[in-house]
Amino acid sequence: MSAQVITINRKKYAVGLFWQPMAMVGNQRAFARSLAYKINKNLNLFTEYHSMLGLGARRMGHRVGMPSAAAEIVNTLTEYNSFLGVFDTGHGFYLLAVRNGVILTDTIFAHAEDARAEYFKLSEIPDWGALFAPAGWGMPRATEHNLYDLIHNNVHGKLRPISRGRAFLWSFVLMIGFCVSFWMIFYEPIIQMIMPRPQISQIDPELAAEYHRQIDEKNKQLDEQFEIVKEVVPEPDPIVLPYDKLPDVALRADMCYRAIGLLMQSIYGWRQVSVECDTTHAIAAFSRQFGTLTSFYDIATELIPGAFVVEQSPNSVNVRVALPQVATNSSVEERDADSVARAVRTAFQSAAMPVDVDVTSDVLTNGVETVVLNVVEIAVESKLAPMQFMKIFDDFSGVYMTRSVWDVTDRTWNYEVIIYAK
């Protein structure tokens with residue numbers, strides 16, 4: 001992978017990201033991991049910006065915390081829903097194409113000829129809201145923009161690691177560095193604290209008693225003077241373990257299937273993109289073909305009573321309904337997380353179905369106690385409906401389907417499931 005980084009005002013920005021539109025995603029890291037698994041396993045960084053997910057790689061020069069140049073420019077050119085532009089960076093030519101608010105192309109070219117060829121190819125697409133190109137190219141209808149005027153260091157779209165393991169490793173290294181620095185700074189005070197001091201038995205008992213009496217008397221005077229009241233520290237609330245109230249697996253799958261079926265309505269002039277069921281709501285995403293927002297509201301409120309409509313843009317609308325409560329129970333897998341992950345992979349191998357499995361840890365605290373939860377995260381694309389799919393987990397405990405998505409175009413289901421392990 002070639003380097004895809006540009007430097008603006010002595011700050012490095014990531015370019016060349018693989019951008020993908022997404023619906024309302026609950027766990028962006030799991031979605032990014034599943035997408036990278038399908039496209040290129042070398043993609044190990046991701047960012048989210050509006051309703052898009054961008055994937056990058058350390059091999060391309062990208063680093064954790066590096067902002068996206070495309071996100072910065074899109075945030076500046078808010079007056080254009082679609083634009084095509086080439087910008088001279090001084091060390092190459094950066095091409096950015098945005099269509100209906102979705103980033104299509106975001107890359108750097110070392111040579112002007114390559115950038116010009118890609119610009120010509122994309123410019124054949126009709127109805128660009130604006131065209132930008134170097135003045136020397138003589139492109140019709142194109143104006144020149146200085147890249148330095150479009151990036152204002154507002155830091156949009158910071159890259160994050162797809163894998164949590166690397167983040168934990170960096171946290172561990174930083175903690176070790178902090179401990180070493182702490183020891184070097186406070187070495188002498190600590191040594192003085194642990195060195196033996198004269199014991200009370202070595203001091204005249206009468207002088208010691210008089211000293212303590214004076215201290216107690218002085219403390220009482222201060223308490224009376226400032227009316228000091230001893231603060232009563234309340235007992236912390238007990239930690240609520242999530243696996244103590246997990247929704248019934250079969251009821252949860254059936255509820256999501258019914259909720260998605262309710263939202264899968266045909267609305268004239270609008271195309272349904274996807275329908276998903278997360279932890280609290282079912283959401284359907286629609287894109288405009290030739291209909292209007294008014295007609296959408298009229299039809300949607302009639303077909304889906306009680307639904308809440310969210311306008312993502314003039315051409316993109318989400319419809320959301322709240323999910324009813326289902327029966328819950330306490331359930332946790334007695335096996336360790338690694339054994340559970342191995343058993344999950346075995347189950348999906350038997351079903352001839354690819355699966356993405358990751359072992360993570362969640363930390364819960366009430367300020368006094370701390371509990372570490374071992375969680376197995378599963379991401380799968382399947383043709384099976386929720387009820388049939390969740391039967392794969394009949395031999396497991398502590399199972400929770402956090403998200404299911406029906407992709408209308410591919411006619412496939414995308415599932416995210418977690419298992420709480422000992």
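The model is predicted, so local features need pLDDT of at least 70 and side-chain atom pairs count only at pLDDT 80 or more, while totals for chains, interfaces and linings use all residues. Residues are numbered from 1 along each chain as its sequence is written, and side-chain values use heavy atoms, with hydrogens and water left out.

I start with the sheet. Helices (H or I, at least four residues) and strands (E, at least two) are DSSP runs, numbered from the N terminus. Two strands pair if DSSP finds at least two bridges between them. In general, strands of a sheet pair through backbone hydrogen bonds, either parallel or antiparallel.

Which order do the eight strands take? The order is S14-S15-S13-S12-S19-S20-S18-S17; the sheet is open and its pairing is antiparallel. At the edges are strand S14 (308–313) and strand S17 (356–365), each of which pairs on one side only. From one strand to the next, the twist averages 20 degrees.

Now two of the pairings. Strand S13 (residues 281–288) and strand S15 (residues 316–322) run antiparallel and are joined by seven bridges. Within this pair, Phe-286 stands opposite Val-317 in S15. S17 and S18 are also antiparallel, with ten bridges, and here Asp-356 stands opposite Ala-379 in S18. These two strands form a hairpin with four residues between them, and Gly-367 in the turn has a positive phi of about 95 degrees.

Staying in S17, let us look at Asp-358. Is Asp-358 buried or exposed? Buried means under 20% relative accessible area, exposed means over 50%, and partly exposed is in between (1.4 Å probe, protein chains only). Asp-358 has 19% relative accessibility, so it counts as buried. Leaving aside residues up to four places away in sequence, Asp-358 touches Arg-33, Val-375, Val-376 and Glu-377. Contact here means heavy atoms within 4.5 Å.

Arg-33 takes us to helix H1, where Arg-33 is among the buried residues, including also Gln-28 and Leu-35. The expected span of a helix is 1.5 Å times one less than its number of residues. The twelve residues of H1 (residues 28–39) should therefore span 16 Å, and the end C-alpha atoms are 16 Å apart, which agrees.

Next come the helices lying across strands. Axes are lines fitted to C-alpha atoms, for helices over the stretch in contact, and angles run from 0 to 180 degrees between N-to-C directions. Helix H10 (residues 337–350) lies across S17, strand S18 (370–382) and S20, at about 10 degrees to S18. Helix H8 (residues 249–263) lies across strand S12 (270–277), S13, S15, strand S19 (399–407) and strand S20 (412–421), at about 20 degrees to S19.

In H8, the residues Arg-252, Ala-253, Met-255, Cys-256, Ala-259, Ile-260 and Leu-263 are buried. They cover an arc of only 165 degrees around the axis, which puts them on the same side of H8; the arc is that of the directions from the helix axis to the C-beta atoms. On the other side of H8, Ala-250 and Arg-258 are exposed.

Last, the disulfide, meaning a pair of cysteine sulfur atoms within 2.5 Å. The structure holds one: Cys-256 and Cys-277, with sulfur atoms 2.0 Å apart. Cys-256 lies in helix H8 and Cys-277 in strand S12, so the pair ties together parts that are 21 residues apart in sequence. The torsion about the S-S bond is about -50 degrees, so the disulfide is left-handed. Cys-256 is buried at a relative accessible area of 0%, and Cys-277 is buried at 0%.
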